Amino acid sequence: MEQFMAMLKKNENENPPPTKLLDVAGQLCRELQSSSPSLEKLVEAMMGCKIKRYFLTNIHVVRACVSVHIHNGQHDAACRLLEYCKAEEKEELVQLWHEIHYRRVMEKHQTDFLTPLQKFRCRKRNPPPISLCPEGVKNRNYSEEIRQQLHKFAAEVTANPDKKQREGLARDMNLQPTQVYNWFANYRRRQKS
């Protein structure tokens, strides 16, 4: 840690900083993830220097910074950090985004865990920003055309298709057989209630 702090002080004004400095920062963040006071000191040093944007290209540094912010109850700061970081691992950044919002809801309701439904609602209310999902959030709903075809099949043929029928529907609609199976299972459940 002292070696890193010395390297940071020495290269604080270099733009861009040496790759070795960034690598050591990532390695330290990985090693210190369970040691809260040391990690906090490290994050404070990196985020307080002029070259902090370079550190935010490393997923380990980003994860450490978000972890420290969450630990300190600074959810908004953690979200801003994720919005503007330049790490390449977008899926992991989206997971961190959701984790921040899960923690926020858990604190609000004073609970230690969330049900899958609560997590789903939390994700719906707090979608990740465009900077984390340039292609947009995946829509898990089927198009109107596919839904109409499935409804028509359920009404005119059967609401409980056999394996061959499901495979045929899946081929026709460019879906997986399990997707068709689940759609009909959900359809039957909705019809009961």
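Just after helix H10, Asn174 takes a positive phi of about 60°. The model is predicted: local features require pLDDT of at least 70, side-chain atom pairs count only at pLDDT 80 or more, and totals for chains, interfaces and linings use all residues. Residues are numbered from 1 along each chain as its sequence is written, and side-chain values use heavy atoms, with hydrogens and water left out. Helices are DSSP runs (H or I, at least four residues), numbered from the N terminus. The chain is divided into domain 1 (1-132) and domain 2 (144-192), with bounds that come from an automatic or database domain assignment.

**Domains and distances**

- The C-alpha centres of domain 1 and domain 2 lie 43 Å apart.
- Thr158 and Lys52 are 106 residues apart along the chain, and their C-alpha atoms are separated by 61 Å.
- For Glu167 and Leu96, 71 residues apart along the chain, the C-alpha separation is 37 Å.
- Arg30 and Val61 are 31 residues apart in sequence and 8.0 Å apart in space, C-alpha to C-alpha.

**Positive phi**

- Most residues other than glycine have a negative phi.
- Asn174 lies in the loop between H10 and H11, and its phi is a positive value in a residue other than glycine.
- Asn174 is exposed, with a relative accessible area of 73%; the classes are buried under 20% relative accessible area, exposed over 50% and partly exposed in between (1.4 Å probe, protein chains only).
- Gln110 also has a positive phi, near 50°, and is placed in the loop between H7 and helix H8 (116-125).
- Gln110 is exposed, at a relative accessible area of 75%.

- Helix H10 covers residues 163-173, and its buried residues are Arg166, Gly168, Leu169, Ala170 and Met173.
- Helix H9 (144-156) and helix H11 (177-192) are among the elements that cover these buried residues.
- Glu167 is also in H10, but Glu167 is partly exposed, with a relative accessible area of 31%.
- The N-terminal end of H10 is capped by Asp162, with a side-chain oxygen 3.2 Å from the backbone nitrogen of Lys164; a polar contact is a pair of N or O atoms within 3.5 Å, where within protein one must be able to donate a hydrogen and the other to accept it, and residues adjacent in sequence count only if both atoms are side-chain atoms.
- Thr158 is found in the loop between H9 and H10 and counts as partly exposed at 22% relative accessibility.
- A polar atom of the Thr158 side chain lies 3.0 Å from the backbone nitrogen of Asn160.
- Leaving aside neighbours within four places in sequence, Thr158 is in contact with Phe153, Gln165 and Phe184, where contact means heavy atoms within 4.5 Å.

**Helices H5 and H7**

- The axes of helix H5 (residues 59-71) and helix H7 (residues 90-109) come within 11 Å and cross at roughly 5°.
- That angle makes H5 roughly parallel to H7, the classes being roughly parallel under 35 degrees, roughly antiparallel over 145, roughly perpendicular from 65 to 115, and oblique for the rest.
- H5 contributes Ile59, Val62, Arg63, Val66 and Ile70 to the contact, and H7 contributes Glu92, Leu93, Leu96, Ile100 and Arg103.
- These contact residues divide into seven nonpolar, no polar and three charged; Ala, Val, Leu, Ile, Met, Phe, Trp, Tyr, Cys and Pro count as nonpolar, Asp, Glu, Lys and Arg as charged, and the others, Gly among them, as polar.
- Axes are lines fitted to C-alpha atoms, for helices over the stretch in contact, and angles run from 0 to 180 degrees between N-to-C directions.

**Helix H6 and its surroundings**

- In helix H6 (residues 75-84), His75, Ala77, Ala78, Cys79, Leu81 and Leu82 are buried.
- The buried residues of H6 pack against helix H3 (36-47), H5 and H7.
- His69 is in helix H5 and is buried, with a relative accessible area of 15%.
- Beyond neighbours within four places in sequence, His69 is in contact with Gln74, Ala77, Ala78 and Leu81.

**Arg30**

- Arg30 is found in helix H2 (residues 19-31) and is partly exposed, with a relative accessible area of 40%.
- The side chain of Arg30 makes a polar contact with the side chain of His60 (3.0 Å).

Definitions and conventions
Helix = DSSP H or I, 4+ residues; strand = E, 2+ residues; numbered from the N terminus.
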